[in-house]
Amino acid sequence: MTEIESQRIHAAVPEGWRGATHDWSADKQAYAVPWGKAMMWFFLLSDTFVFSCFLTSYMTVRSSTLTAWPNPSEVFALTIAGHSIPLVLIAIMTFVLISSSGTMALAVNYAYRRDRRRTVQLMAATALLGACFVGMQAFEWTKLILEGVRPWSNPFGAAQFGATFFMITGFHGLHVSAGVIYLAIVAAKVGRGRYEQSGDYSIVEIAGLYWHFVDLVWVFIFAFFYLW
Amino acid sequence: MHAIQPAAHDSGQQHPLGVYLKIWLLLFVLSACSYLVDYFQLQSYLRWSLVLIFMLLKAGLIIAVFMHMRWERLALIYTILIPPLCLLVLIGIMFSESDYTHMHRQQYFTAPLHNEAPVHPR
């Protein structure tokens, strides 16, 4: 969108309901945001449906088994210093991901202030926290597999537990891993001054949207899979 | 030296850092509360309602503030937030389906009691 076009759009544009009808009936462009941002939102909308299908099928499977579902408090407990603490690894993973969302939000803020150094540092911190998360998830998988959890059976309860667990956390972990790589690439480009000439740092916000989505999905997984 | 003006669409993006820091802190608090629901071993309806409430609050804050939705135009907000409501229909249908499956598994796949006539599936 050119400077002039965006100025015309932001000049006397109605807000609220009338703004919505104004936007949707516009003859050239419906959404007054950069193309990349709108497209990332549309991608995230589609990904919402993908994860919702997985979580809905998990609900269906769990509520139709006759065998009791494994108790997440017990399955995901870790023994530290002789005490069995329920869900402690998951709590740490949640903490790590919320932290990474915070550093990402700060990175976007600094990017729009054109503070490249801070932006790169914060994006690197976000990516590092994300990598820690994936490492912990891998540890969790290893522990459960060693304890005999398989997609088709497990020693803790209903046979479908493994399939739903590995599918849902696997897809989520894949998204986190892709996000870490994506953030590293964008951070490197910001650091090299790729966006300095145009002054347009919306790429950082777009990467941020993806990262917050990954955290958002974890909020739902944490609630429905581990706490329910 | 800022040789080029930032594009006009940037003007709505910057908010004081404090907003993000406050929401970040709130997210930590809500996460801790969610964890405590399990730590204190709350059960049944109290557990499920608290888990859902904390989940929705966290999700709402992340979408509205971190993902910047509350400052976006209504057209974009509606485009993104209304379609997922269809999922409630899917969830309702699948819940009813799984209930049906459960009932039939109970009826046909569990051993009948001694003083009951055996049920033959048709």
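How far apart do the C-alpha centres of domain 1 of chain B and domain 2 of chain B lie? In this predicted model, in which local features need pLDDT of at least 70, side-chain atom pairs count only at pLDDT 80 or more, and totals for chains, interfaces and linings use all residues, the two centres lie 23 Å apart. Residues are numbered from 1 along each chain as its sequence is written, while chains are lettered from A and ligands numbered from 1 in the order in which they are written. The domains of chain B comprise residues 16–71 for domain 1 and 74–109 for domain 2, the bounds coming from an automatic or database domain assignment.

For chain A, the corresponding assignment gives domain 1 as residues 1–32 and domain 2 as residues 35–227, with 35 Å between the centres of domain 1 of chain A and domain 2 of chain A, taken over C-alpha atoms. Along its principal axes, the C-alpha atoms of chain A fill a box of roughly 65 × 40 × 25 Å. The secondary structure of chain A consists of 8 helices and 2 strands, where helices (H or I, at least four residues) and strands (E, at least two) are DSSP runs numbered from the N terminus. Their order along the sequence of chain A is α-α-α-α-β-β-α-α-α-α.

Helix H7 of chain A (residues 161–191) has 31 residues and should span 45 Å at 1.5 Å a residue, which agrees with the 44 Å between its end C-alpha atoms; the expected span is 1.5 Å times one less than the number of residues. Just after H7(A), A:Gly193 takes a positive phi of about 85°.

Helix H8 of chain A (residues 202–227) packs with helix H5 of chain A (residues 88–112), the axes coming within 9 Å and crossing at roughly 160°; axes are lines fitted to C-alpha atoms, for helices over the stretch in contact, and angles run from 0 to 180 degrees between N-to-C directions. H5(A) is therefore roughly antiparallel to H8(A), given that angles under 35 degrees count as roughly parallel, over 145 as roughly antiparallel, 65 to 115 as roughly perpendicular and the rest as oblique. H5(A) passes H8(A) in a left-handed crossing, a crossing being left-handed if the near helix is turned anticlockwise from the far one by less than a right angle, and right-handed if clockwise. Among the contributors to this contact are A:Leu97, A:Ser101 and A:Met104 of H5(A) and A:Trp211, A:Asp215 and A:Trp218 of H8(A), contact requiring C-beta atoms, placed from the backbone, to lie within 7 Å. The residues of the contact divide into 13 nonpolar, 4 polar and 2 charged; Ala, Val, Leu, Ile, Met, Phe, Trp, Tyr, Cys and Pro count as nonpolar, Asp, Glu, Lys and Arg as charged, and the others, Gly among them, as polar.

H8(A) also packs with helix H3 of chain A (residues 35–64), their axes coming within 10 Å and crossing at roughly 15°, and the two helices are therefore roughly parallel to each other. The crossing of H3(A) with H8(A) is right-handed. Residues including A:Trp41, A:Leu44 and A:Phe51 in H3(A) meet residues including A:Leu209, A:Phe213 and A:Phe220 in H8(A), and the contact has 13 nonpolar, 2 polar and 3 charged residues.

In chain B, H1(B) and H2(B) pack at an angle of about 165° with their axes 10 Å apart, which makes H1(B) roughly antiparallel to H2(B). Their contact includes B:Ile23, B:Leu27 and B:Leu30 of H1(B) and B:Leu50, B:Phe54 and B:Leu61 of H2(B), and divides into 15 nonpolar, 2 polar and 2 charged residues.

Between the chains, 50 residues of chain B are in contact with 53 residues of chain A. Helices H1 (17–39), H2 (44–66), H3 (74–81) and H4 (86–109) of chain B each supply at least two residues of the side that touches chain A, H4(B) giving the most, with 12 residues. By class, that side of chain B has 33 nonpolar, 10 polar and 7 charged residues.

Terms used:
Contact = placed C-beta atoms within 7 Å.
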